[in-house]
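Subject: Handover of a structure and notes on its contents

Dear colleague,

Please find below the structure that I am handing over to you. My notes follow it, and I would be grateful if you read the two side by side.

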Amino acid sequence: MPEAQANIRVRPLDELDIGAIVRIDERITGIYRPEVWEQRVGYYLRRDPEACRVAEADGKVVGFMLADLRAGEFGLEEPGGWIERFGIDPDWRGRDLGRLLFEAIVAHLKAAGAASVRTLADRGDTRITGFLQKLGFAPSPLQALEIRLAQPPGEQRR
Amino acid sequence: MKVHEITLEKKYHDAVEHWRRHNFKDYELLLENWDRYFPTDERFCLCAKLELGTSDQVQVGEHRGEKKRVAPDELTEEEARHLLGIIRAQASTEFGSIQQHSGTLERAHDDQDRFWVLRVMAEELRHGYQMIHLLLSQDWSKASGGVTGREMVEEILSMQTGNHVLDAFNLDYDSFLDNITFAALIDRVGKYQLTMQKVCAYRPMADSMPPMLREEAFHLAAGVIPLRRWAKRAAAGDPFITMTAIQHAVNKWLPRGLEMFGDERGGETNVKFGFKDMKNREAQDLYLEEVRRMIRDINARFLRARFPEIGAEQAEQVLADLERNRGAHRGVRHDDLLRLPDRRFFRRKGEPAFAMVGVDGEAFTDVEEYLRHLAKNLNEGYVASRDMRNYAEALRGVAAGTLAVADAVKKMPKLKRVGGTCPCSKGVRWVMEEGEGAPGAPASGAGA
Ligand SMILES: [Fe+2]
Ligand SMILES: [Fe+2]
């Protein structure tokens, strides 16, 4: 069980955090998928490592949040931050680590010229949407739209 | 995180482009395929980048609290000479690593690995360009003994593998494994140097660091992520990739990486002058701890691939047991995993220079036995190299008492270019140099 008085530190992501992120994701989803995280972390590290943070408790990574700064997509010319993935080790929930990660990222994105921070979440996942609301996220006038495409028989959906 | 971009005066920009055409042939290929491998990333810019909004106060050393210096004339002559040594060494490593990466790039196992390394090379080119900007944007003649900026740039662009300021940049790669191990270990030294130099009392140097560091983060990923994948393939029994081969590459590069920090007993001057915020041993200790973490991470990747049914915690337990007992677990021996070589292993500079210490810290008294130990723990191509022959010769001299360690350190021959500035001229030959390294070799190092 985690220490009540653990020493918490939030710092930028680095390539040696992949193992810890894989472990946290596995604890949350039950799926071991190192390849997915190798690819994602590779992506974020070449964008801007400081826009992504991990939370350490007594030197062990127990939470992460991955974000980057984008401009010029979907007609959004103004630079904006996008938070794509985050996860907190279930043993370390309820300690505001998510907020600490978020605040560090927002400070960095702001300094980098972001005018807003966006994310996409499944409306049905109230645990996630509740967490985002507590951070200050509100529904955006932008709306995510999609069409489900039927796969030809025999072809696998990725 | 706002950045000011600067292009060199045309003739110098052209000189770097000329060097690039000779030493980095796949540069155009990288740019043509940029969107394929790095979609939505900013296009590559061959320019110097200076971070805006950084501190203008000296943070460490005897000038702490004073205003940062913005021209060499504001430094004392000794400080300026010292800093010039750091900048030239840094420039040399940046260009040097491109030449090294080029040699074995074609042997990359897949295109993504190859394009990642190509991007690393382009960014090293930009780092070299950045250092040239620092040399040319101000008058360093007081510190350079009259050597002009133009001459310093010529000297840097004419270096070939063999006469770079730091030894890690004088070693050829033997396979693509060297490309990724170099990125994982030697670029990591670079990360430490750049991080320490963020405080530099010479502001243009300090402001050069953050953009370089952001790029460096990807260089480390371009080493560690392929190594993780290779460990997985080794676990699956791929006959062409083994943990032993990876270990041999680690054994080759780690000692050179440790030496790039400079002598363990030194680095005080850097702190005193406010150029770096750590002494050599302090930084080396942190580096070593980080490499230990990296090796553990790769080992865990290996174990989970070998035993898909075990979870993260169990894998960590197995790892801890194997490290402690040096035994075996269901056919995986301790020797099948990577391990951190002893910091005194295969050293030729610094405190343990020419000490005969094995990978696991075992002491040797017989030179020939030690050389056989090295041959067993390094890859064949490297063992057969000229670099190893020179080292063995010096070591035999030290052991026989005919050569002092200090002289052995200086004795490593360098490949020196003679005449001309175009790197395509073949005027290169082996020469023994008086004294250690190139002029201005710093008491502590740099890194790509
Ligand atoms: Fe570099
Ligand atoms: Fe690098």
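Two strands are said to pair if DSSP finds at least two bridges between them. Helices (H or I, at least four residues) and strands (E, at least two) are themselves DSSP runs, numbered from the N terminus. By this rule, strand 3 (residues 60–70) and strand 4 (residues 80–88) of chain A are joined by eight bridges and run antiparallel.

As to conventions, the model is predicted, so that local features need pLDDT of at least 70 and side-chain atom pairs count only at pLDDT 80 or more, while totals for chains, interfaces and linings use all residues. Residues are numbered from 1 along each chain as its sequence is written, chains are lettered from A and ligands numbered from 1 in the order in which they are written, and side-chain values use heavy atoms, with hydrogens and water left out.

Strands

In strand 4 of chain A, A:Arg85 stands opposite A:Leu66. Chain A has an open sheet of five strands in the order 1-2-3-4-5, with mixed pairing. Its edge strands, each pairing on one side only, are strand 1 (8–12) and strand 5 (117–118).

In chain B, strand 1 (residues 3–6) and strand 2 run antiparallel and are joined by four bridges. There B:Val3 faces B:Glu51 of strand 2 as its opposite residue. From strand 2 (residues 48–51), B:Ala48 and B:Leu50 point one way, whereas B:Lys49 and B:Glu51 point the other way; all are buried. Buried means under 20% relative accessible area, exposed over 50%, and partly exposed in between (1.4 Å probe, protein chains only).

Because B:Glu94 lies in helix 4 (residues 77–104) and B:Glu124 in helix 5 (residues 111–136) of chain B, the pair ties together parts that are 30 residues apart in sequence. B:Glu94 is buried at a relative accessible area of 0%, and B:Glu124 is buried with a value of 0%.

Salt bridges

Over all chains, the structure holds 67 salt bridges, a salt bridge being a side-chain nitrogen of Lys or Arg within 4 Å of a carboxyl oxygen of Asp or Glu. One of them is formed by the side chains of B:Arg229 and A:Glu38 (3.5 Å, N to O). B:Arg229 lies in helix 9 (residues 203–235) of chain B and A:Glu38 in helix 2 (residues 34–47) of chain A, so this pair joins two chains. B:Arg229 is buried, at 19% relative accessible area, and A:Glu38 is buried, at 0%.

A:Glu84 and A:Arg40 also meet in a salt bridge through their side chains (3.0 Å, N to O). Since A:Glu84 belongs to strand 4 and A:Arg40 to helix 2 of chain A, the pair ties together parts that are 44 residues apart in sequence. A:Glu84 is partly exposed at 30% relative accessibility, as is A:Arg40 at 22%.

In chain B, B:Asp387 forms a salt bridge with B:Arg348, with the closest N and O atoms 2.8 Å apart. Both residues, B:Asp387 and B:Arg348, are buried. A network of salt bridges links residues of both chains, including A:Arg46, A:Asp68, B:Asp41 and B:Arg119.

Aromatic rings

The whole structure contains 25 aromatic pairs over all chains. Rings of Phe, Tyr and Trp (its six-membered ring) pair if their centres lie within 6.5 Å; planes under 30 degrees apart count as stacked, over 60 as edge-to-face and the rest as tilted. Among these pairs, B:Phe176 and B:Trp230 are tilted, at 6.5 Å centre to centre and 40° between the planes. B:Phe176 is in helix 8 (residues 176–197) and B:Trp230 in helix 9 of chain B, 54 residues apart.

With kind regards
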